[in-house]
Amino acid sequence: MSTALVTDLTIFILALLVGIEVIGKVPATLHTPLMSAANSIHGIVLVGALLIGLTAHDTVGYILAFVAAFFAAANVVGGYVVTGRMLKMFRRKAAPAPVQAAKPAEAAAAEQRESVRS
Amino acid sequence: MTTFTNSIQLVYVLAAACFVIGLHLMNSPATARRGNQVSTAGMVIAVIATLVLLIHDGTVTAVGWTVLIVGVLLGSAVGLWSARTVQMTAMPQLVSMFNAVGGGAAALVAIYSYIHDESAAGGVLGSTTVFTVLDVLIGSVTFTGSLIAAGKLQGIITGSPVMIKGGRLINLALIAVALGSAAFMLTTASLPALLLVVLASLAFGVLMVLPIGGADMPVVISLLNAFTGTAVAMAGFVINNWALIVAGALVGASGGILTKLMADAMNRSLPNIMLGGFGTGDTAVAAVAASDAQIRSIAADDAAIQLAYASKVIIVPGYGLAAAQAQHGVAELAKVLEDHGVEVSYAIHPVAGRMPGHMNVLLAEANVPYPQLKEMDEINPEFPRADVALVIGANDVTNPAARRPGTAISGMPILDVDQAQSIIVVKRSMGHGYAGIDNELYANPKTSMYFADAKKAVAEMTAAVKTLVG
């Protein structure tokens, strides 16, 4: 077993544990956005797809690089955009929505005041 | 390792940290958006670092650059378009499609790496082969499995379980072929053997998902999400890249946990789901039928009177509401009631909708403030204090039969709708839910049935309430 492999395995196991710890606390309300967020994160495979370019010097290599880059880019861009779109909908109060989008800090403060009142 | 590659590696670690922090911020709706932004930032710096590495290395050919750039641009365009145009009810299909392409890309990375190493001087390392095979296997199964799952949810492929004669035998044969080729590859580097693994896995993915019923698709998608993450982590092992390993492991863990939560909420074990769906004949259904019981039906005006003069109303939305696109109508009805001084909250069962937490997204889309959405454990004690429980398009999750042993849904956690003072159920017919059994709630003397499409019923009730209170 090489040192690199041992390091990789260590990182893998620790990341698994971190993942379990972090996800375990997410409320059911956010499970769909969470799955979508996790979905965009596995788009990191784009890095792997790009790295194919380093050594791809023949037709087979180019084809594989192209398809992998296409797939991974669709995954990353689509994943993040749709997660953002979903999370934008989660609001505390329906009414001040447009203001909230324009001035997040002020709106958040207003929200807090409102929730104190109610 | 040079200083340059070390710095790139450090940027990857930074990106991985962004992913962890991003996921951590998903703990609350208030910080979730920032979480997504942090995670996006991590992705951007990881990609930029990779581009810097490619430019610095200088071995990428002109054709190589063209291929990568065109591929990324086309992929981004497709991703952007689908993310912008997708209906919120169709979210599970989209997630499934992203699983497919993610898993496919992970498999391709390992396949390319194998082809390249095989022709290179050093040959393929034995330890790398293990991860290559795992990546290709999981990635390919995810690719076809996710496509089938998306097809089932979209209605392109029938949602009912497709049983193929001798399917189990074919599956076993495919597994044997894949594992046999993999074992052979450990001793001898062989590209044909790898392709055999790919083909067997692709076929296995199809056969794995086809026999699973549409109702179980959410669990399958969650599982395939975990698979994709694992495949990406394996790709990270193959090309020795930390960013892929950490991100893949995070997704693998999260997908695994979500799958378990989901299966628990449906009171099913994972093997049970994977080996065949509800109503396929092997479930013993106790025949405590409500068929001879009195079913009371109700019209919009009477329902409106009950709602308008209540002091507390709990709305119980189910997939029927989403299917009828009635979430906006319900939000309007709730607003009219609230303006009239009625306390309104929503009882959300963990599996309401077609994905864990899907109903929350649908209601959020209709501008329902999230503090009104109550999870099962929080809302159940409140039902006895509710004057009216308005059930819209939810079925099995309200069936009191789940509290008794011996039924298809026994032990499934349910919403205690029957504890409310009175119950109005909006439903198109007396048809069964996914579990295929009668809902005893409908025979309850406190229950009135409002037979109509959810959207139409909600509009009628809203109009009737308005005339009453206006």
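User: Where is the place of Gln325(B) in chain B?

Analyst: Happy to start there! In this predicted model, Gln325(B) sits in the loop between helix H12 (319–323) and helix H13 (327–339) of chain B.

User: What is the phi of Gln325(B)?

Analyst: Phi of Gln325(B) is near 55 degrees, which is a positive value in a residue other than glycine.

User: What about Asn240(B): where does it lie, and what is its phi?

Analyst: Asn240(B) is in the loop between H8 and helix H9 (242–265) of chain B. Its phi is near 55 degrees, again positive in a residue other than glycine.

User: How do you know whether Asn240(B) is buried or partly exposed?

Analyst: Count the neighbours again. Asn240(B) has 17 C-beta neighbours inside 10 Å. Being buried takes 20 or more, and being exposed takes 12 or fewer, so Asn240(B) counts as partly exposed.

User: And what makes Asn444(B) buried or exposed?

Analyst: Asn444(B) has 21 C-beta neighbours inside 10 Å. Since the cut-off for buried is 20 or more, Asn444(B) counts as buried. You can find Asn444(B) in the loop between strand S5 (422–427) and strand S6 (447–451) of chain B. Its C-alpha atom is separated by 8.8 Å from that of Ile423(B), and these two residues are 21 residues apart along the chain.

User: How do you know whether H2(A) is roughly parallel or roughly antiparallel to H4(B)?

Analyst: Helix H2 (residues 31–41) of chain A packs with helix H4 (residues 91–119) of chain B at an angle of about 20 degrees, and their axes are 10 Å apart. Angles under 35 degrees count as roughly parallel, so H2(A) is roughly parallel to H4(B). H2(A) also passes H4(B) in a left-handed crossing.

User: Which residues have the most contacts inside the largest nonpolar core?

Analyst: Those are Ala68(A), Val109(B) and Ile392(B), in a core of 205 residues. Helix H4 (residues 59–88) of chain A gives the largest share of this core, 19 residues. The core also draws at least three residues from each of domain 1 (3–274) and domain 2 (300–469) of chain B.

User: How many helices and strands does each chain have?

Analyst: Chain A has six helices and zero strands, and its pattern along the sequence is α-α-α-α-α-α. Chain B has 16 helices and six strands. Of the 118 residues of chain A, 53% count as buried; of the 470 residues of chain B, 54% do.

Note on methods
Residues numbered from 1 in each chain as written. Chains lettered and ligands numbered in written order. Predicted model: local features only at pLDDT ≥ 70, side-chain atom pairs only at ≥ 80, totals over all residues. Core = buried A, V, L, I, M, F, W, Y, C linked by C-beta atoms within 7 Å. Helix = DSSP H or I, 4+ residues; strand = E, 2+ residues; numbered from the N terminus. Domains from an automatic or database assignment. Axes fitted to C-alpha atoms, helices over the stretch in contact; angles between N-to-C directions. Parallel < 35°, antiparallel > 145°, perpendicular 65-115°, else oblique. Left-handed = near helix turned anticlockwise from the far one by under 90°.
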